[in-house]
2 protein chains.
Amino acid sequence: MSLPASNSFPAPGSKTELEEGSVLTPRFGPDGLITCVTTDAASGEILMVAHMNAEALARTIETGEAWYWSRSRSELWHKGATSGQIQTVREIRTDCDQDALLLKVQVAGDGGCCHTGRRSCFYRKVESANGEIRLIAD
Amino acid sequence: MSLPASNSFPAPGSKTELEEGSVLTPRFGPDGLITCVTTDAASGEILMVAHMNAEALARTIETGEAWYWSRSRSELWHKGATSGQIQTVREIRTDCDQDALLLKVQVAGDGGCCHTGRRSCFYRKVESANGEIRLIAD
């Protein structure tokens, strides 16, 4: 498998090129990362928010499985390599100014995503009543 | 309207408190911002990815309308104040380690969200064929 070099994405162009162009020019932040929202391709449920560096994005496109950059471990992260919760990519989208990605995936293994054992990382609602803010788990 | 001070969210606690607790302790990044994914409460469609500082989050909770921090303009941003595309918040969720938020909103005005005129900012797919990567608009 020959992976694109981590600097293989073209540099971002003008605002018009970014917004209306057909060239993927991801706008990685100062830390070299771009935000990625991952949803279940079948249900649309939001599973997680994670980050990719250029190499993780290149590997994701090339292999059809989700790769991220683990900020806590400072390493490339093939999601599911340990847990079996491999994410097969059904669609990748980018947003208007190309500083965010959307991955629609099918999850293998037990179908879960969150390291706490839940299906989605977003298992708590923020509730506000009488000036008090609380988190309520589903 | 008395807004919470921008430092009014409690500091993040232990990993267990972050993941299993009922206290909202958002983990703002070094830039003071937290990532926010915003979806259409009715359809589940992902509309945008933006950022909030503590004051934007406090105002969002207090007013029930989405406030963000505009990184390009370096200012608080009451979404829709100019366009009429006010986002009324139906639900706020946070993820396992409280470094991302999910807003489910109902959009006023013409129901759109993206400054390019599209309903969602994610109007282009990333397609890869024969080693060539292209963006295809819907």
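This briefing describes the interface between chain A and chain B, their symmetry, and a hairpin in chain B. The model is predicted. Contacts link 43 residues of chain A with 43 residues of chain B. The two chains are related by a turn of 180° with a shift of 0.0 Å along the axis, which is the relation of a two-fold axis.

**Extent of the interface**

- The area buried between chain A and chain B is about 3700 Å², and 57% of it lies on carbon and sulfur atoms.
- Within the area that chain A buries against chain B, R93(A), F122(A) and R124(A) account for 19%, more than any other three residues.

**Polar and charged interactions**

- Eight salt bridges are counted between chain A and chain B.
- A salt bridge joins the side chains of K125(A) and E91(B), with an N to O distance of 4.0 Å.
- Polar contact is found for 32 residue pairs across the interface of chain A and chain B, with both residues of each pair at pLDDT 80 or more.

**Elements and composition on the chain A side**

- At least two residues of the side of chain A that touches chain B come from each of α1 (15–20), β1 (34–40), β2 (46–52), β5 (87–94), β6 (100–107), β7 (124–129) and β8 (132–137) of chain A.
- The largest share of that side, five residues, is supplied by α1(A).
- Classified by residue type, the side of chain A that touches chain B comprises 20 nonpolar, 14 charged and nine polar residues.

**Strand pairing between the chains**

- Strand β7(A) is joined by two bridges to β5 (residues 87–94) of chain B, and these strands run antiparallel.
- R124(A) has T94(B), in β5(B), as its bridge partner; R124(A) is also one of the three residues named above for their share of the area that chain A buries against chain B.

**Symmetry**

- Chain A can be superposed on chain B with an RMSD of 0.0 Å.
- Among the residues of chain A, G44(A) comes closest to the rotation axis, its C-alpha lying at 3.4 Å.
- Both copies use the same surface, since 100% of the contact residues of chain A recur in chain B.

**A hairpin in chain B**

- Strands β3 (residues 67–70) and β4 (residues 75–78) of chain B run antiparallel and are joined by four bridges.
- In this pairing, W67(B) stands opposite H78(B) of β4(B).
- Four residues separate β3(B) from β4(B) in the hairpin, and S74(B), in the turn, has a positive phi of about 50°.

Note on methods
Residues are numbered from 1 along each chain as its sequence is written. Chains are lettered from A and ligands numbered from 1 in the order in which they are written. This is a predicted model: local features need pLDDT of at least 70, side-chain atom pairs count only at pLDDT 80 or more; totals for chains, interfaces and linings use all residues. Side-chain values use heavy atoms; hydrogens and water are left out. Contact means heavy atoms within 4.5 Å. Buried area is the accessible area (1.4 Å probe) that two parts lose on being put together, summed over both. A polar contact is a pair of N or O atoms within 3.5 Å; within protein, one must be able to donate a hydrogen and the other to accept it, and residues adjacent in sequence count only if both atoms are side-chain atoms. Ala, Val, Leu, Ile, Met, Phe, Trp, Tyr, Cys and Pro count as nonpolar, Asp, Glu, Lys and Arg as charged, and the others, Gly among them, as polar. Two strands pair if DSSP finds at least two bridges between them. Copies are superposed by least squares on the C-alpha atoms of residues with pLDDT of at least 70 in both.
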